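Please look over the chain below before reading the points that come after it.

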Amino acid sequence: MDVLVWAGLVVSWLLLVLVIKFVFLVLRVLKQARRLAEMSRDAAVGLAENVSSDESFAQLELVAAQLPRAVQGLPRGAAAGRPPASSVSPGIEDRLP
């Protein structure tokens with residue numbers, strides 16, 4: 001009878017340790033979830049501060065309006081040409097692949 005009592009006691013202690021381990025695991029996950037929520041909150045506050053100013057949108061609109069003129073001067077397609085292969089592999093002596 002004593003052996004059965006001791007075996008039950010040992011098993012109950014092992015189960016208690018297992019339950020405590022799971023509690024710490026859940027607490028760690030909750031801590032990470034809280035950090036993620038705080039980071040999301042800080043990001044939302046930053047976004048709200050950035051979009052609250054109409055002046056910053058006006059500046060963005062001015063920069064975006066200059067973009068088509070800046071892109072027109074860039075070469076397109078085959079006219080753009082490819083850089084010589086020697087810029088990537090110096091042993092090829094300016095030959096294109």
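The points below take up the model, its helices, its salt bridges and its surface.

1. This is a predicted model, in which local features need pLDDT of at least 70 and side-chain atom pairs count only at pLDDT 80 or more, while totals for chains, interfaces and linings use all residues. Residues are numbered from 1 along each chain as its sequence is written, and side-chain values use heavy atoms, with hydrogens and water left out.

2. The chain has two helices and zero strands (helices are DSSP runs of H or I with at least four residues, strands are runs of E with at least two, and both are numbered from the N terminus). Of its 97 residues, 2% count as buried, where buried means under 20% relative accessible area, exposed means over 50% and partly exposed lies in between, with a 1.4 Å probe and protein chains only.

3. Helix α2 covers residues 54–72, and its 19 residues should span 27 Å at 1.5 Å a residue, which agrees with the 29 Å between its end C-alpha atoms; the expected span is 1.5 Å times one less than the number of residues. A bend of about 25 degrees occurs in α2 at Gln-66, with Pro-68 following within four residues (the bend is the angle between axes fitted to the seven residues ending there and the seven starting there). The count of buried residues in α2 is zero.

4. The structure holds two salt bridges, each defined as a side-chain nitrogen of Lys or Arg within 4 Å of a carboxyl oxygen of Asp or Glu. One joins Arg-34 to Glu-38 at 3.2 Å, N to O, and these residues are about one helical turn apart because they lie four residues from each other in helix α1, residues 2–51. Arg-34 counts as exposed at 58% relative accessibility, whereas Glu-38 is partly exposed at 29%. Another links Arg-41 and Asp-42 at 3.4 Å, N to O, and Asp-42 is partly exposed at 46%.

5. The chain exposes about 9,100 Å², of which carbon and sulfur atoms supply 68%, with areas taken from the Shrake-Rupley method and a 1.4 Å probe. Leu-30 is in helix α1 and is exposed, with a relative accessible area of 53%.
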